[in-house]
Amino acid sequence: MDHTTLVTGVFPAMTTPFAADGSIDFDRLQAHARRLVDGGVDGLVPVGSTGESATLTHDEHVQVVEAVVEAAGDDVPIIAGSGSNSTHEALDLSQRSVDAGADALLLISPYYNKPEPEGMEAHYREIADEVDAPQIIYNVPSRTGRNIAVETADALASHENVVGYKAASGDLGRISEVVERTRSEDFAVLSGDDGLTLPVLSVGGTGTISVTANVEPERVSDLVWTALEGDYEAARERHHELAPLNRALFAETNPIPVKAAQEIRGDGPARYRSPLTQPDDATWERLREALDALDEPEVPA
């Protein structure tokens with residue numbers, strides 16, 4: 001698969017639905033995958049942070065990848081989350097995900113043990129050497145406790161299997177520098193913060209791995225593709241239209257609000273694995289207000 005196509009556009013960070021007994025609801029998972037594909041997204045990202053991968057067993061992780069691959073068919077690529085703070089565990093999850101049909105991998109940086117830059121690079125380089133699949137490195141310091149250094153991203157960009165960088169640091173200057181330093185490589189930078197998708201695109205990003213696209217795949221796709229095609233006026237309109245929902249979706253720890261938003265839209269119920277809990281009443285109300293505003297019919301000019 002062409003790397004440029006693989007890492008351009010909108011890739012929902014999929015939620016993982018659960019049944020009342022806490023097991024994975026595979027029927028709802030596959031229906032959600034098809035709903036997103038029909039909504040015009042460019043790929044699917046199961047079992048990432050939004051998919052509550054931290055509370056899935058390794059077998060469940062692979063089963064989710066298999067189910068999403070089956071639901072999507074050949075319509076869009078599947079980029080499976082397969083990172084860990086343990087290199088050998090990430091290697092195992094990565095290879096099993098590829099064997100399950102994933103087209104590419106999303107690898108969160110090692111969390112909790114907080115490696116130094118040389119350890120961070122060695123971690124990613126070993127996985128890229130051992131697993132023959134396109135890989136996206138994922139910087140989200142709010143969850144991991146450590147930024148991936150710009151120099152580390154730059155060094156990894158030349159590896160033939162490292163094709164992109166998911167930017168979720170909230171630091172546009174850092175993101176812009178990664179774009180700047182890797183422009184000569186076959187390497188893409190994707191927004192990992194829905195509120196910063198348009199700014200990231202403006203400095204050279206190629207798309208987004210999006211939470212908001214779980215509930216608004218069409219609007220997020222319109223924002224990204226109008227920007228990529230150079231119509232920043234239209235993209236700004238979408239950005240501001242989606243801004244209240246983007247803020248509501250991060251009023252509590254992700255994916256608590258997005259699952260509630262899915263329930264409001266009829267793709268529920270919102271169920272979580274402990275230690276995540278139901279959102280509070282204020283979050284429910286905020287989500288309803290944001291979704292109601294988007295559902296209002298447009299007034300002709």
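Predicted model: local features only at pLDDT ≥ 70, side-chain atom pairs only at ≥ 80, totals over all residues.
Q: Great. What order do the strands of the open sheet take?
A: The seven strands run β1-β7-β6-β5-β4-β3-β2, with parallel pairing. Strands here are DSSP runs of E with at least two residues, helices are runs of H or I with at least four, and both are numbered from the N terminus. Two strands pair if DSSP finds at least two bridges between them.

Q: And which strands stand at the edges?
A: β1 (9-12) and β2 (79-81) do; each has a single partner strand, so one side of each is left without a neighbour in the sheet. From one strand to the next, the twist averages 25 degrees.

Q: How many bridges join β4 to β5?
A: Five bridges join β4 (residues 135-139) to β5 (residues 162-167), and the two run parallel. For glutamine 135, the bridge partner in β5 is valine 162.

Q: Which helix packs on the sheet there?
A: Helix α5 (residues 117-130) does, touching β3 (104-108), β4 and β5. Contact means heavy atoms within 4.5 Å. The direction of α5 makes about 160 degrees with that of β4. Axes are lines fitted to C-alpha atoms, for helices over the stretch in contact, and angles run from 0 to 180 degrees between N-to-C directions.

Q: On to β6. Are its residues buried or exposed?
A: Both faces of β6 (residues 188-191) are covered: Ala188 and Leu190 on one side, Val189 and Ser191 on the other, are all buried. Buried means under 20% relative accessible area, exposed means over 50%, and partly exposed is in between, with a 1.4 Å probe and protein chains only. β6 is joined to β5 by four bridges, and these strands run parallel. Lysine 166 has leucine 190 as its bridge partner in β6.

Q: Let's switch to helix pairs. At what angle do α10 and α11 cross?
A: The axes of α10 and α11 (residues 232-248) come within 8 Å and cross at roughly 150 degrees. That makes α10 roughly antiparallel to α11. Angles under 35 degrees count as roughly parallel, over 145 as roughly antiparallel, 65 to 115 as roughly perpendicular and the rest as oblique. By class, their contact has seven nonpolar, two polar and four charged residues. Ala, Val, Leu, Ile, Met, Phe, Trp, Tyr, Cys and Pro count as nonpolar, Asp, Glu, Lys and Arg as charged, and the others, Gly among them, as polar.

Q: Which loop is threonine 212 in?
A: Threonine 212 is in the loop between β7 (207-210) and α10 (217-228). Threonine 212 is buried, with a relative accessible area of 0%. Leaving out residues up to four places away in sequence, threonine 212 touches Asp194, Val220, Leu242, Leu245, Asn246 and Leu249.

Q: How about α12, how many of its residues are buried?
A: Seven of the nine are buried, so α12 is largely enclosed by the rest of the structure. Those buried residues pack against α2 (26-38), α11 and α13. Just after α12, glycine 266 takes a positive phi of about 95 degrees.

Q: How do α12 and α13 cross?
A: The axes of α12 (residues 256-264) and α13 (residues 281-295) come within 10 Å and cross at roughly 55 degrees. They are therefore oblique to each other. Pro257, Ala260, Ala261, Glu263 and Ile264 of α12 make the contact with Thr283, Trp284, Leu287, Arg288 and Leu291 of α13.

Q: One more pair: what angle do α3 and α4 make?
A: Helix α3 (residues 58-72) and α4 cross at roughly 30 degrees, with axes that come within 10 Å. They are therefore roughly parallel to each other.

Q: Last one: where is glycine 101?
A: Glycine 101 lies in the loop between α4 (87-99) and β3, and is partly exposed, with a relative accessible area of 29%. The C-alpha atoms of glycine 101 and glutamate 66 are separated by 6.6 Å, though these residues are 35 residues apart along the chain.

Definitions and conventions:
Residues numbered from 1 in each chain as written. Heavy atoms only, no water.
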